[in-house]
Amino acid sequence: MPSLDPSPKEQRFSLASVIESNLQKRKSEAEYKRIVTKHYDGLAGKLTSFTGMVTGHETLAGLLLSPRAFDVRGCKRILDAGCGNGRYTKFLLKQADPDAFITAFDLSQRMLRRARRKLNSPRVSHISADLTKLPYPDGHFDAVVCGWVLEHLREPRHGLRELSRVLAPGGKLLLLTTEDTVTGSMCSRLWHCRTYNRMELMRACEECGLQWARPLYFSKIHRALRLGGIVVELRKE
Ligand SMILES: C[S@@+](CC[C@H](N)C(=O)[O-])C[C@H]1O[C@@H](n2cnc3c(N)ncnc32)[C@H](O)[C@@H]1O
């Protein structure tokens with residue numbers, strides 16, 4: 001049965017809104033999660049390593065997780081939320097202090113298996129979990145990375161509240177998500193997700209106790225052409 005919850009996104013009519021996938025709106029939350037898990041368990045998930053290289057996301061992830069951008073030095077407990085094939089975990093391992101411990105979770109068992117195969121480090125633990133119900137105590141992590149997962153939630157606050165809850169006061173969150181641009185909407189079709197309007201997302205973050213500390217861009221070109229989605233460093237108040 002389709003969910004009756006109103007979409008949190010304000011209605012706007014634009015080319016991007018016409019192109020954007022409406023799968024989330026058509027399905028119940030449980031059915032949508034089942035479809036997304038199957039999607040990532042299957043070929044689409046398998047291809048994420050390849051598509052990451054072709055689109056440059058692999059390289060760009062390395063640029064973002066650096067002392068000049070999202071600096072994790074000094075953070076001892078780090079979470080990779082919706083880790084996928086381990087792209088961000090790999091760079092977290094490289095940048096974090098040698099005694100830092102990284103926890104990574106995902107909804108898809110197959111993605112977790114791919115991530116474990118890729119990383120195989122005693123400093124990383126992988127578990128199956130849902131972004132809207134995290135199995136961690138309050139204030140447990142010093143830093144969190146959540147890359148391209150929030151767009152799989154119809155209501156961002158359900159994920160943002162959990163991320164905020166597990167972050168220690170003063171902790172930092174690197175959030176990457178699909179923006180409501182034409183390219184973002186085309187991506188939403190490929191990955192069966194929604195897009196976010198930057199201002200609406202900023203409001204949702206603030207309501208969940210996450211301050212919009214600074215927007216980050218993969219490059220000046222991405223900034224000028226509004227490419228690369230919404231990438232932001234947030235701080236837990
Ligand atoms: C586009 S991939 C991004 C993976 C990784 N963060 C990266 O940037 O390479 C999205 C991932 O989010 C996971 N996912 C989707 N909805 C989720 C949820 N509610 N809880 C946890 N993981 C979820 C998918 O299984 C998939 O592995």
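This is a predicted model: local features need pLDDT of at least 70, side-chain atom pairs count only at pLDDT 80 or more; totals for chains, interfaces and linings use all residues.

Guide: Is Thr 89 buried or exposed? Thr 89 has 0% relative accessibility, and buried means under 20%, so Thr 89 counts as buried. This residue belongs to helix 7. Its side chain also has a partner: a polar contact, at 2.5 Å, joins the side chain of Thr 89 to the side chain of Asp 80.

Helix 7 (87-95) is one of the elements that give two or more residues to the shell around the ligand, along with helix 3 (29-41) and strand 2 (101-106). What kinds of residues make up that shell? They divide into 12 nonpolar, 5 polar and 3 charged. Of the 20 residues around the ligand, the ones that come nearest are Gly 82, Asp 106, Asp 130, Leu 131 and Gly 147.

Now look at the individual atoms. In the side chain of Asp 106, an N or O atom is 2.6 Å from an oxygen atom of the ligand. With Leu 131 it is the backbone that takes part: one of its N or O atoms lies 2.9 Å from a ligand nitrogen atom. Gly 147 also uses a backbone N or O atom, which is 2.8 Å from a nitrogen atom of the ligand. How much of the ligand does the protein cover? On its own, the ligand has 600 Å² of accessible area, and the protein covers 95% of that.

Methods. Residues are numbered from 1 along each chain as its sequence is written. Side-chain values use heavy atoms; hydrogens and water are left out. A residue is near a molecule or strand if one of its heavy atoms lies within 4 Å of it. A polar contact is a pair of N or O atoms within 3.5 Å; within protein, one must be able to donate a hydrogen and the other to accept it, and residues adjacent in sequence count only if both atoms are side-chain atoms. Accessible areas come from the Shrake-Rupley method with a 1.4 Å probe; for residues, only the protein chains shown count as cover. Helices (H or I, at least four residues) and strands (E, at least two) are DSSP runs, numbered from the N terminus. Ala, Val, Leu, Ile, Met, Phe, Trp, Tyr, Cys and Pro count as nonpolar, Asp, Glu, Lys and Arg as charged, and the others, Gly among them, as polar. Buried means under 20% relative accessible area, exposed over 50%, partly exposed in between (1.4 Å probe, protein chains only).
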